[in-house]
Amino acid sequence: MTNKKIIAIGGGENGRVKSDGTRYPYELENQDREIIRLTKKEHPNFLFIAHSQPIEKQEGYFQVMIDIYEKMYGCHCRDLKSDKLTDIEYVRKLIDWADIIFEGGGNTLDMINLWKETGFDVILRQAWEDGKVMCGISAGANCWFKECSSDSLKIKYGDDQPLIDMECLGFVDGLFVPHCDAPERLDNVKELLMSSKQVGLCISNCAALEIVDNRYRLITSDASYHNIEAYGLKSYWKNKEYIEEKIDDSLEFKSLGELLSKK
């Protein structure tokens with residue numbers, strides 16, 4: 001039986017180079033190792049898609065991921081740039097080759113629109129149903145859920161723009177909120193959930209929601225760089241009361257149905 005697998009990372013640094021030549025910390029070892037473990041292969045095929053980034057930034061982002069997945073963990077790495085999505089035969093060959101499909105952070109709104117315009121959303125759903133490990137960070141975590149809290153307008157037009165609620169691919173019910181350790185995110189999701197039927201899944205930097213079929217668990221790593229302990233919150237409105245519950249971070253898998261229900 002094929003398992004459907006998602007690892008949605010709320011945020012965190014990947015060791016990329018700063019403007020002054022030094023590097024940010026590498027914080028996501030636990031999450032990256034779990035992504036690889038789920039393939040049940042020693043040297044899996046890692047496909048990177050950075051479609052939430054402009055085309056001119058996708059190659060640089062890919063090189064950062066090569067430093068991790070190829071040089072540190074021995075994966076075979078390839079990428080699929082957004083300007084290749086109209087070549088369906090090429091796209092399908094890469095997707096068939098991949099064991100892991102990883103989307104990076106950036107503009108969720110433009111990314112989802114691009115996928116729907118090109119039919120790539122349908123290809124991704126089939127890949128998930130075929131048992132590929134679907135994963136990513138921030139925008140690359142948002143995309144797998146029914147809805148998300150997105151800073152796409154801020155990215156595109158400036159910090160004075162609001163956070164928005166938007167529809168994503170809908171592989172999993174719920175409204176995903178990345179980087180929820182930023183106070184603005186938690187204030188925003190409280191408002192968004194007033195008009196949404198979804199449960200809010202608020203995942204901090206250095207935390208990830210791992211979903212395998214109808215079970216889930218929280219994967220965390222050291223978040224001291226962000227001055228927090230990594231965490232997840234379940235948020236929802238019930239009988240005009242706003243409820244916020246800590247997501248259990250024990251390693252055993254729990255019922256996804258319970259996580260997504262308003263008890």
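Mentor: In this predicted model, a cavity is a set of grid points where a 1.4 Å probe fits but cannot get out.

Trainee: With that in mind, what is the volume of the largest cavity?

Mentor: The structure holds one cavity of 30 Å³ or more. Its lining is made by N14, Y26, L28, D32, M65, I68, F102 and I137, and these residues divide into six nonpolar, one polar and one charged. The volume of the largest cavity is about 50 Å³.

Trainee: Which helix gives the most to the lining of the largest pocket?

Mentor: The largest pocket has a volume of about 750 Å³, and of the 26 residues that line this pocket, those closest to its centre are R16, G105, G106, S138 and H179. By class, the lining divides into seven nonpolar, eleven polar and eight charged residues. At least two lining residues each come from helix 2, helix 7 (152–157) and helix 8 (183–192). With four residues, the helix that gives the most is helix 2.

Trainee: Which strands stand at the edges of the open sheet, and why is one side of each left without a neighbour?

Mentor: Eight strands form the open sheet, in the order 3-2-4-5-1-10-11-14, with mixed pairing. The strands at the edges each have a single partner strand, so one side of each is left without a neighbour in the sheet, and these are strand 3 (76–79) and strand 14 (254–255).

Trainee: Within that sheet, what is the bridge partner of A207 in strand 11?

Mentor: Strand 10 and strand 11 run antiparallel, and six bridges join them. In strand 11, the residue bridged to A207 is T220.

Trainee: Where the chain goes on past strand 11, is D222 buried or exposed?

Mentor: D222 has its place in the loop between strand 11 and strand 12. Leaving aside residues up to four places away in sequence, D222 touches E27 and C206, and its C-alpha lies 8.2 Å from that of L28, although D222 and L28 are 194 residues apart in sequence. Since the cut-off for this class is over 50%, the relative accessibility of 55% means that D222 counts as exposed.

Trainee: Which residue in the turn between strand 12 and strand 13 has a positive phi?

Mentor: Strand 12 (residues 232–238) and strand 13 (residues 241–246) pair in the antiparallel sense over six bridges, and Y236 has I243 as its bridge partner in strand 13. The two strands form a hairpin with two residues between them, and the turn residue with a positive phi, of about 50°, is N239.

Notes:
Residues numbered from 1 in each chain as written. Predicted model: local features only at pLDDT ≥ 70, side-chain atom pairs only at ≥ 80, totals over all residues. Heavy atoms only, no water. 1 Å grid on protein atoms, 1.4 Å probe; cavity = no way out; pocket = protein on both sides within 12 Å on 5 of 7 lines; lining within 4 Å. Points joined across faces, edges and corners; volume = space filled by probe spheres on them. Nonpolar A, V, L, I, M, F, W, Y, C, P; charged D, E, K, R; others polar. Pairing = 2+ DSSP bridges. Buried < 20%, exposed > 50% of the residue type's maximum accessible area, 1.4 Å probe, protein only. Contact = heavy atoms within 4.5 Å.
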